[in-house]
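Subject: Structure for your review

Dear colleague,

Please find below the structure that I am handing over to you. My notes on it follow directly after.

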Amino acid sequence: MPDLDPATTALLTVECQNGVVGEESALPELAKEARASGMLGRVAALADAARGAGVQVLHAVAERRPDGRGANSNARLFRAAGKLPVRQIAGTEAVQLAAPLAVAEQDLVVRRLHGLSPMSGTDLDALLRNLGIRTLVVTGVSSNIAIPNTVFDAVNLGYQVVVPADAIAGVPASCTAEVIRNSLALVATITTAEALLKQWAPAT
């Protein structure tokens, strides 16, 4: 496990928003897995513990303008998303964090209008560097696409990356274990939410 000094560590939640993992999700299968597996609850617990330990919490949200201007259309995924009954439109309930997660006063929210990763085309990297962050704990969805993209981008930018295996989710559920074993474990430190909660627990 890399050094998790609170001064140089940040916790990132990825697409843990109502329109993705909430009860009115555009992706009900993914939302069901995120909630039934306990992933969303563990992410919320990690965010609370991180704040208590002085670790910066950031939330990466995917959204679109109502007219779609500036958004990608160069992949099947993007074209399909534009036809879903629930769309991630800026300013709507769909792009608010899904319960039990909430944005605390000291949290930072990074919104992106295009692409597959919050590390690309947003100010996330600049914010992390301005905060002196060297280690990034990545949580959220999905292990199919956004999580691997985030991890690889962060590693390419020089960050140490930590992934709590039970605080990410994808569909089918078996995909998450395969992605962790065959891809993420090669570039990131794999741990559990429980191990991080113990590390961030108040000193007794």
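**Findings**

Val155 is located in helix H6 (residues 146-156); helices (H or I, at least four residues) and strands (E, at least two) are DSSP runs, numbered from the N terminus. The model is a predicted one, in which local features need pLDDT of at least 70 and side-chain atom pairs count only at pLDDT 80 or more, while totals for chains, interfaces and linings use all residues. Residues are numbered from 1 along each chain as its sequence is written, and side-chain values use heavy atoms, with hydrogens and water left out.

With a relative accessible area of 28%, Val155 is partly exposed; buried means under 20% relative accessible area, exposed over 50%, and partly exposed in between (1.4 Å probe, protein chains only). Apart from its neighbours within four places in sequence, Val155 is in contact (heavy atoms within 4.5 Å) with Val161 and Val187. The C-alpha atoms of Val155 and Ala188 are separated by 7.9 Å, although these residues lie 33 residues apart along the chain.

Most residues other than glycine have a negative phi, and most peptide bonds are trans. Glu15, which is not a glycine, has a positive phi of about 55 degrees. This residue sits in the loop between strand E1 (9-14) and helix H1 (18-21), and Glu15 counts as buried at 12% relative accessibility. The peptide bond from Ala99 to Pro100 is cis, with omega near 10 degrees, and Pro100 is found in the loop between helix H4 (76-81) and strand E3 (108-112). A cis peptide bond also runs from Val171 to Pro172, with omega near -10 degrees; Pro172 belongs to the loop between strand E6 (168-169) and helix H7 (173-182).

As to charged pairs, the count comes to eight salt bridges (a side-chain nitrogen of Lys or Arg within 4 Å of a carboxyl oxygen of Asp or Glu). One of them joins Glu178 and Arg181, whose closest N and O atoms are 2.3 Å apart. These two residues are separated by about one helical turn, because they are three residues apart in helix H7. Glu178 is partly exposed at 39%, and Arg181 is partly exposed at 49%.

Glu194 and Lys198 also meet in a salt bridge (3.6 Å, N to O). They are four residues apart in helix H8 (residues 193-199), and therefore about one helical turn separates them. Glu194 is exposed at 51%, as is Lys198 at 60%. Elsewhere, salt bridges that share partners join Asp48, Arg51 and Asp107 into one network.

Yours sincerely
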